[in-house]
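Dear colleague,

My notes on what was found in it follow directly after.

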2 protein chains.
Amino acid sequence: MSATLGLIGVGNLGEQFMLRCHKLGRRVVAYDKFAKKKIPEKIRAESIFELTRSTKIVVSFVPNDTALRSVVSELLPLQEEIFHISCSTVSPHLSRELAYAHKKSGHKFVAAPVFARPENLRDGQACFILSGATEDVQIARKYLHDLAEKVVDFGSDPGAANVVKLAGNFMIASSIELIAEALALVEKNGVDRQLTMGLMSSTIFNCPIFKGYGHRVATRDHRPGGFALEHGLKDINLILDTANQSAQPLPLASLLQHRLRASDNFGHSHLDWSAFALRSTADGGLHHQVDLALQHAVRDDAKPKEDDRTTDPK
Amino acid sequence: MSATLGLIGVGNLGEQFMLRCHKLGRRVVAYDKFAKKKIPEKIRAESIFELTRSTKIVVSFVPNDTALRSVVSELLPLQEEIFHISCSTVSPHLSRELAYAHKKSGHKFVAAPVFARPENLRDGQACFILSGATEDVQIARKYLHDLAEKVVDFGSDPGAANVVKLAGNFMIASSIELIAEALALVEKNGVDRQLTMGLMSSTIFNCPIFKGYGHRVATRDHRPGGFALEHGLKDINLILDTANQSAQPLPLASLLQHRLRASDNFGHSHLDWSAFALRSTADGGLHHQVDLALQHAVRDDAKPKEDDRTTDPK
C-alpha cells in the first residue's frame, strides 16, 4: 500500500523504520522532538499537527507509556480520522485504554510492537505483532507487510500484542540470567566461560538470543549501544505490573527485577542491559573480573546518546 | 580405532550407544544388571568381571553417583590396566576422586558426559565433552570420534566435563522455567500459548531446546518417555551441591529446585521433567488446565520403565 506514513519518534528503531521505508520507495514524513538531526529536512515535520496535515496514517515508536500518552493527547483532538499504529513497548492496559479513547474520538488504533534489532528492521527482518479491531488489524497488516519478515495477528484485544512483546522481553532477560549463572558456575570451577558458551550456542542453544547475549555475557562485553539497562528495568517493571494485574506470580521476573535494580544502583544504567549478568559474577566474589569488565564496558563509551531510547533488545 | 568397547549400563543412552557402535561395525560387549533384555545374547557379559576379560576399554553409562561408585568398586581391583570412559551425569568431585583412585590402582579414567537425546546418539549427532589427563583424553577422543558429531576437550581437571554437563542441564531446566512463566503470563492475559511459543521458537529462540520443550510446555504434554522428573531433581541437586562447594550462589537454580521438589511431591516424579512447568500454571490459579494436563500426561502412561534411567534431557 503506497499511502504516505507519518512516523512519530525517530530513535534507533524509528530511524531504521524510516530507512526501510526509503529503501522500498515508501513515502514518509517524520517528527521527533529530540532526534531531529536524524530526519532529512525535506520529510521532517516540526510538530505532530504538521505531520498529520501530510497523512492520517501515523506510526509511533516512542520509549514508554508517558511518551505515548503525550503523542496521543495531540492526535485525539484532530477532526479527520487518524489511523494510529503503535509500535512501542508499552503496557497492555495502556493499549486497551488508548484503543477505546481513539474509537471514542473517531480514530483507529492498532498495537504493533516489533521484535527486531534496529539493523534487522532496516533489512526487512523484523516481526510485527498486531492486535486490535479485526478490520483495523487487516489494514495495518497491509501497511506493514512489505516492511517486515513477519506480521503476526494476536486478535482483537488491543493489549494482546503488548503482552506478547513483554513476554518476549521477559524471555530474553531470563536467558541472560540463566547464561550468567551457568557461566559463573563453570568459571568458579575453573572451566573456560567462552569455550562453554561456544559449545552451547552451537548445539542445543543455537539461536540468535543465545548466540548474541551468550557472547556478550561470556566475554563480559556490555558496552552501550544496544538496548540500555535503564530501559530493560522499565520493561521488567511493566512485566511485573502486568503479571500482578493478572494475578500471576512470576518468581523469575521478580529475580530479574532484583538483578536489574541492583545493576542500576551500581551505576550501570547506561550499559547494554545484559550488564546485569555481572551481578552473578559479583555474587561469586569474582570482583576483579567485574572491575575489568566495567573498565571494558566504559572504554570507548560516549555518554548515552539521547536518541537511543527506542532501541529494541533483540 | 577398532578395539572392542566394554559397555556398562544399557539404559536409554547406553542402548543407543550400543546401536551406534553396531551401525559402524564397532565390536562391543555389554553388561547391565537391570536391562539385560536390551543386550543381544552373543555380546552380553554376565558380570563386570566377565566383560573385562573381553576388553580393557570400559565405557560406562549409569544413572547416578552411587551406581558409578559401585561399577568402579569392581574395576579397581583388576590386575590389568582398565581404560575407563565415564559418560554418566555425575558430580564433578566424584570424577576427580575416581580419576585419582584409578591412577593409584594403575588404571585410567576420563570423564566423558554426553549431550544428546538417545535417538541423536544413535544417529551420530551426540556431543561428548571430555576431561582428564591430557594423553588419556587424546586416547578417549580416538575411541569416541566416529561415534559422535563433536568431541570437545575441557582440559586436565577430571571434573571439568561434569561441570559443563551440569551447567548445560541447568540451562535446559532454566529454559523450561522461563517458557512456563512467559506462557502463564500470556495465558492469564487471554493470549494463546501455542501461538506465542510458535512465534518465539521460529524467530529469536529458533533452537532445539526452545522448539522441543517449548512445544511440550505450550501444549502441557509432559507424558513420560523422555527424561524423568525424578532424574531432573537429582541433577538440580547436583548442580546446587557443586555451586555450594564452589561458593557460587545460583538463585535461579534454587528456584528450579523448589519447582522440581514441589512437582515431585505432587506425584509427577515419573513424568517428563518439563512437568514442573505446570507449577507456573498452578501458581496462576489455572487449576482446571493443570488437571487436564495431568490427565493428558498419564494417558497412555505405562508405569515408568525400569530402563529409562539413563535417558538424557536433550
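B:Arg220 and B:Glu187 are both buried, and in this predicted model the two form a salt bridge whose closest N and O atoms are 2.5 Å apart. The pair links distant parts of the chain, with B:Arg220 in the loop between α9 and α10 of chain B and B:Glu187 in helix α7 of chain B, 33 residues apart.

In chain A, A:Arg220 lies in the loop between α9 (208-219) and α10 (229-245). A:Arg220 counts as buried because its relative accessible area is 9%. Most residues other than glycine have a negative phi. B:Ala247, in the loop between α10 and α11 of chain B, likewise has a positive phi of about 55 degrees without being a glycine.

Further salt bridges

Over all chains, the structure holds 40 salt bridges. One of them joins A:Asp123 to A:Lys23, with the closest N and O atoms 3.7 Å apart. A:Asp123 sits in the loop between α5 (118-122) and β7 (127-130) of chain A and A:Lys23 in helix α1 (residues 12-23) of chain A, so this pair ties together parts that are 100 residues apart in sequence. A:Asp123 is partly exposed, at 32% relative accessibility, whereas A:Lys23 is exposed, at 56%.

In chain B, the side chains of B:Arg96 and B:Asp157 form a salt bridge at 2.9 Å, N to O. Here too distant parts of the chain are linked: B:Arg96 belongs to helix α4 (residues 92-104) of chain B and B:Asp157 to the loop between β8 and α7 of chain B, 61 residues apart. B:Arg96 is partly exposed at 30% relative accessibility, and B:Asp157 is partly exposed at 24%. Back in chain A, a network of salt bridges links A:Glu177, A:Glu181, A:Arg259 and A:Asp283.

The contact between the chains

How many salt bridges are counted between chain B and chain A? The count is 0, while 14 residue pairs are in polar contact, both residues of each pair being at pLDDT 80 or more. The elements of chain B that give two or more residues to the side touching chain A are β7 (127-130), β8 (150-153), α7 (160-188), α8 (193-201), α9 (208-219), α10 (229-245), α11 (251-265) and α12 (278-283). Helix α7(B) supplies the largest share of that side, 19 residues. By class, the side of chain B that touches chain A has 38 nonpolar, 13 polar and 10 charged residues.

The two chains bury about 4,900 Å² between them, 77% of it on carbon and sulfur atoms. In chain B, the residues that lose the most area to chain A are B:Met171, B:Leu185 and B:Ile204, together 14% of what that side buries. The contact takes 61 residues from each of the two chains, B and A.

At 1% relative accessibility, B:Ser175 counts as buried.

Packing within chain B

B:Ile236 is in helix α10 of chain B and is buried, with a relative accessible area of 2%. Leaving aside neighbours within four places in sequence, B:Ile236 is in contact with B:Phe170, B:Ala253, B:Leu256, B:Gln257 and B:Leu260. B:Leu260, in turn, lies in helix α11 of chain B and counts as buried at 0% relative accessibility. Among the contacts of B:Leu260 beyond four places in sequence are B:Leu229, B:Gly232, B:Leu233, B:Trp273 and B:Phe276.

Annotations from UniProt

The unreviewed UniProt entry places the feature "domain: 6-phosphogluconate dehydrogenase NADP-binding" at residues 5-152 of chain A. That span is 40% helix and 20% strand, and its end C-alpha atoms are 20 Å apart. The UniProt annotation "domain: 3-hydroxyisobutyrate dehydrogenase-like NAD-binding", also from an unreviewed entry, covers residues 159-276 of chain A. This second span is 69% helix and 0% strand, with its end C-alpha atoms 29 Å apart.

The UniProt annotation "active site" (unreviewed entry) covers A:Lys165. A:Lys165 is found in helix α7 (residues 160-188) of chain A and counts as buried, at 0% relative accessibility.

With kind regards

Note on methods:
Residues are numbered from 1 along each chain as its sequence is written. Chains are lettered from A and ligands numbered from 1 in the order in which they are written. This is a predicted model: local features need pLDDT of at least 70, side-chain atom pairs count only at pLDDT 80 or more; totals for chains, interfaces and linings use all residues. Side-chain values use heavy atoms; hydrogens and water are left out. UniProt positions are given in the numbering used here, feature names are shortened, and annotations may be inferred rather than shown by experiment. Helices (H or I, at least four residues) and strands (E, at least two) are DSSP runs, numbered from the N terminus. Buried means under 20% relative accessible area, exposed over 50%, partly exposed in between (1.4 Å probe, protein chains only). Contact means heavy atoms within 4.5 Å. Buried area is the accessible area (1.4 Å probe) that two parts lose on being put together, summed over both. A salt bridge is a side-chain nitrogen of Lys or Arg within 4 Å of a carboxyl oxygen of Asp or Glu. A polar contact is a pair of N or O atoms within 3.5 Å; within protein, one must be able to donate a hydrogen and the other to accept it, and residues adjacent in sequence count only if both atoms are side-chain atoms. Ala, Val, Leu, Ile, Met, Phe, Trp, Tyr, Cys and Pro count as nonpolar, Asp, Glu, Lys and Arg as charged, and the others, Gly among them, as polar.
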